[in-house]
Amino acid sequence: MKIVAVAACTTGIAHTYMAMSAIQQEAKKRGHDVKVETQGAIGIENELSLQDVKEADVVLLAVSVAIEGRERFEEKEEEEKVYNVDPSVVIKSTGKVFDKLEEIK
């Protein structure tokens, strides 16, 4: 499965990068391709292109703040292929989040 994700928390520091790491580790463990964009204190890193989003099976938005470029995911939202969750949930329950992603694929 191909997953794209955005991680962003209120301060843009710890939870953003902890969520990114958890997503990457679980995706690797399950054999999924993943690309994670972070929107944090230093701005946007690993920015997802429209092509990245188009090619993805599902989108994971691990965010607790408004993110830049949200419109990139509108088509996937219409297809019900977007899962929104707080970054802390990703960090604490990564397996359950991925179970849900696999369900909506």
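Predicted model: local features only at pLDDT ≥ 70, side-chain atom pairs only at ≥ 80, totals over all residues.
**View 1. Helix 1 and its span.** Helix 1, which covers residues 14–30, has 17 residues and reaches 24 Å from its first C-alpha to its last, close to the 24 Å expected at 1.5 Å a residue. Just after this helix, glycine 31 takes a positive phi of about 80°.

View 2. Thr16, Ala19, Met20, Ala22, Ile23, Glu26 and Ala27 are the buried residues shown in helix 1. Seen down the helix axis, the buried residues fall within an arc of 165°, so they line one face of helix 1. The elements that cover these buried residues include strand 1 (2–8), strand 2, strand 4 (58–63), helix 4 (87–92) and helix 5. On the other side of helix 1, Gln25, Lys28 and Lys29 are exposed.

**View 3. The salt bridge between glutamate 26 and lysine 29 within helix 1.** The closest N and O atoms of glutamate 26 and lysine 29 are 3.9 Å apart, and the two residues form a salt bridge. Both partners lie in helix 1, three residues apart, which is about one turn of the helix. An α-helix has 3.6 residues a turn, so residues three or four places apart point the same way. Glutamate 26 is buried, with a relative accessible area of 9%, whereas lysine 29 counts as exposed at 67% relative accessibility.

**View 4. The salt bridge between aspartate 99 and arginine 30.** Aspartate 99 forms a salt bridge with arginine 30, and their closest N and O atoms are 2.9 Å apart. This pair links distant parts of the chain, with aspartate 99 in helix 5 (residues 94–104) and arginine 30 in helix 1, 69 residues apart. Both partners are partly exposed, aspartate 99 with a relative accessible area of 39% and arginine 30 with one of 26%.

**View 5. The salt bridge between aspartate 52 and lysine 35.** A salt bridge joins aspartate 52 to lysine 35, the closest N and O atoms being 2.9 Å apart. Here too the pair links distant parts of the chain, since aspartate 52 belongs to helix 2 (residues 50–55) and lysine 35 to strand 2 (residues 33–40), 17 residues apart. Aspartate 52 counts as buried at 16% relative accessibility, while lysine 35 is partly exposed, with a relative accessible area of 32%.

**View 6. The salt-bridge network.** Salt bridges that share partners join Glu26, Lys29, Arg30, Asp99 and Glu102 into one network. The count for the model comes to eight salt bridges.

Note on methods. Residues numbered from 1 in each chain as written. Heavy atoms only, no water. Salt bridge = Lys/Arg side-chain N within 4 Å of Asp/Glu carboxyl O. Helix = DSSP H or I, 4+ residues; strand = E, 2+ residues; numbered from the N terminus. Buried < 20%, exposed > 50% of the residue type's maximum accessible area, 1.4 Å probe, protein only. Expected span 1.5 Å × (residues − 1). Arc of directions from axis to C-beta. Contact = heavy atoms within 4.5 Å.
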